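Good morning. I will take one protein this time and go through its strands, its disulfide, its core and its pocket. Please keep the structure on your screens while I talk.

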Amino acid sequence: MKAASRSLRQSLAGLVMLGMVGLAPMAAQAGESAVPCDVAHFLADQQGMASGEIRGDRLEDVCGTVVHVYGKRRTRSGWHGYFLLQVAPGRVIRIVSDLDRMNAPAWPWVAEGDHATVRGRYYYDNPRSQGIDWTHHGTGRNWPTAGYVVVNGRSYQ
């Protein structure tokens with residue numbers, strides 16, 4: 001399990017060094033210190049979950065370009081906003097924001113083409129049902145880490 005993740009990270013690192021994959025290790029906010037962005041770690045976790053080698057939710061720090069924004073939807077836990085983030089060429093992940101818990105303007109506060117950095121909980125049910133949620137400032141009994149979304153340098157929690 002660890003060898004496969006390490007092997008994927010090493011392969012991605014080699015592609016980054018060759019300029020074949022653009023993975024920024026850090027994304028800077030305007031006027032603040034850099035926020036983490038570890039796409040290689042996320043891609044390794046994603047592969048590990050898909051293969052069954054990794055189970056359970058994972059904390060992820062990803063960044064990339066917004067490629068699609070959905071309207072807000074009401075779920076059993078409240079209003080949520082969804083967008084797709086391209087984290088590497090051909091690799092897109094759904095981002096879920098709990099609009100009732102975030103300090104943010106009316107949805108949508110993100111648009112196609114925006115650069116976003118996200119910290120949240122990566123869940124993987126199957127290849128068609130996966131994403132990063134818990135992108136707000138709160139924590140809970142089932143998830144102890146606060147998240148955020150930074151869009152073009154502006155932070156939403």
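Predicted model: local features only at pLDDT ≥ 70, side-chain atom pairs only at ≥ 80, totals over all residues.

Residues are numbered from 1 along each chain as its sequence is written, and side-chain values use heavy atoms, with hydrogens and water left out.

First, the layout. The protein has 2 helices and 10 strands; these are DSSP runs, H or I of at least four residues for helices and E of at least two for strands, numbered from the N terminus. Along the sequence the pattern reads α-β-β-α-β-β-β-β-β-β-β-β. Of the 157 residues, 43% are buried. Buried means under 20% relative accessible area, exposed means over 50%, and partly exposed is in between, using a 1.4 Å probe and protein chains only.

Next, strand β7. Which strands pair with β7? Pairing here requires that DSSP finds at least two bridges between two strands. Strand β3, residues 58-69, pairs with β7, residues 115-126, in the antiparallel sense over 8 bridges. Strand β9, residues 148-151, is also antiparallel to β7, joined by 4 bridges. With strand β8, residues 129-133, β7 makes 5 bridges, again antiparallel, and these two form a hairpin with 2 residues between them. On the β9 side, Ala116 has Val151 as its bridge partner.

His115 lies in β7 and is the bridge partner of Thr65.

Now the disulfide. The structure holds 1, a disulfide being a pair of cysteine sulfur atoms within 2.5 Å. As a reminder, such a link is a covalent bond between the sulfur atoms of two cysteines. Here Cys37 is joined to Cys63, with 1.9 Å from S to S. The two ends come from distant parts of the chain, 26 residues apart: Cys37 is in the loop between β2 (34-36) and α2 (39-51), and Cys63 is in strand β3. The link is left-handed, with -80° about the S-S bond. Both Cys37 and Cys63 are buried.

On to the core. A nonpolar core is a set of buried Ala, Val, Leu, Ile, Met, Phe, Trp, Tyr and Cys residues joined through side-chain atoms within 4.5 Å. The largest one has 28 residues, and Phe83, Leu85 and Trp109 touch the most other members. Two or more residues come from each of α2, β3, β5 (78-88), β6 (91-98), β7 and β9.

Last, the lining of the largest pocket. A pocket is an open set of points on a 1 Å grid over the protein atoms alone, where a 1.4 Å probe fits, with protein on both sides within 12 Å along at least five of seven lines; lining residues have an atom within 4 Å of a point. There are 17 lining residues, and Ser77, His80, Val96, Arg121 and Asp133 lie nearest the centre. The elements giving two or more residues to this lining are β5, β6 and β7.
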